[in-house]
Amino acid sequence: MAMATTASTASHTSLASVTLEVADPEAARRFYTAFGVDTYIRLRATEAHSTGFRGFTLALTVSGPATVDSFVDAAMSAGATVLKPAAKSLWGYGGVVQAPDGTIWKIATSAKKDTGPATREIDEIVLLLGVEDVKATKQFYVGRGLTVARSFGGKYAEFTSDESSPVKLALYKRRSLAKDLGVPADGTGSHRIVLGSTADTFTDPDGFVWEAAASLAPTPS
């Protein structure tokens, strides 16, 4: 399928932060510190109702299988549930875990063999939003000022990110994302995630909320 690249003519907007809404911020902070991703996310308390698949995953790209195993083991030791054990696939090696707060994390590498020892280094974190219509949501975001980095028809779209942004944003079909993660696609209630915008506050067609990053102060340590 041909790759299409789209540039926005609107004022530039990008993903500045990712805030997970959790029932117990202190417990979540302990987990994410042990997991090794605490510097990439923010936390805040919520009592919002949520059941089933929340429609997103945070995906870690790392250097090799041993590093994938290192992150999966750290997550399990801190209380995560394994949704998909780390294993080889056509595209590389990876596994999926669910944090105690319900957030699903995918840890993967394109390498099938280790070229060095395990590290605790993360090459990239991508926030994958599961949406009903990738093309329509992509155009919505272009209209809000985001710039498409690459796009594969109605299956996947990825946006450019600033160097200061800790997480890259991408879109994937909701049912395809749920299948990839090994969970049912159905879910109700809050997504339990808030995206920090370098521009204004808005809500996308699938109900994901963006707030001006300046108003998204992290919870105190």
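Predicted model: local features only at pLDDT ≥ 70, side-chain atom pairs only at ≥ 80, totals over all residues.
A residue counts as buried when its relative accessible area is under 20%.

**Stop 1: Glu21.** Select Glu21, which sits in strand 1 (residues 15–22). Its relative accessible area is 12%, and because buried means under 20%, Glu21 is buried. Now show side chains: that of Glu21 makes a polar contact with the side chain of Arg44, at 3.1 Å. Beyond its neighbours within four places in sequence, Glu21 is in contact with Arg44, Thr46, Ser190, Arg192, Ile193 and Val194.

**Stop 2: Arg192.** From that contact list, take Arg192 next. Arg192 lies in the loop between strand 12 (187–189) and strand 13 (193–197). With a relative accessibility of 11%, Arg192 is also buried. Check the backbone: phi of Arg192 is near 60 degrees, a positive value in a residue that is not glycine. Most residues other than glycine have a negative phi.

**Stop 3: the nonpolar cores.** Select Leu20, Tyr32, Phe35, Trp105, Leu127 and Leu129; of the 45 residues in the largest nonpolar core, these touch the most other members. Centre on Tyr32. Leaving out neighbours within four places in sequence, its contacts are Leu20, Val37, Asp38, Ile41, Leu43, Ala99, Asp101, Thr103 and Trp105. Another core, of 12 residues, lies apart from the largest one; Val96, Val126, Ala170 and Ala178 are among its members. In soluble globular proteins, nonpolar side chains tend to be buried together.

**Stop 4: Gly95.** Move to Gly95, in strand 6 (residues 92–98). Gly95 is buried, at 3% relative accessible area. Not counting residues up to four places away in sequence, Gly95 touches Val68, Lys84, Pro85, Ala86, Trp105, Lys106 and Ile107. For a distance check, pick the C-alpha atoms of Gly95 and Pro65: they are 9.9 Å apart, with the two residues 30 residues apart along the chain.

**Stop 5: the largest pocket.** Which residues lie nearest the centre of the largest pocket? Select Ala59, Thr61, Lys106, Ala108 and Leu128, which hold that position among the 20 lining residues. The space in this pocket is about 540 Å³. Colour the lining by residue class to see 11 nonpolar, 4 polar and 5 charged residues. To place the lining in the fold, show strand 4 (56–61), strand 7 (104–109), strand 8 (124–131), strand 10 (156–159) and helix 4 (174–181); each supplies at least two lining residues.

Key. Residues numbered from 1 in each chain as written. Heavy atoms only, no water. 1 Å grid on protein atoms, 1.4 Å probe; cavity = no way out; pocket = protein on both sides within 12 Å on 5 of 7 lines; lining within 4 Å. Points joined across faces, edges and corners; volume = space filled by probe spheres on them. Helix = DSSP H or I, 4+ residues; strand = E, 2+ residues; numbered from the N terminus. Nonpolar A, V, L, I, M, F, W, Y, C, P; charged D, E, K, R; others polar. Buried < 20%, exposed > 50% of the residue type's maximum accessible area, 1.4 Å probe, protein only. Polar contact = N/O pair within 3.5 Å; in protein donor to acceptor, adjacent residues only side chain to side chain. Contact = heavy atoms within 4.5 Å. Core = buried A, V, L, I, M, F, W, Y, C linked by side-chain atoms within 4.5 Å.
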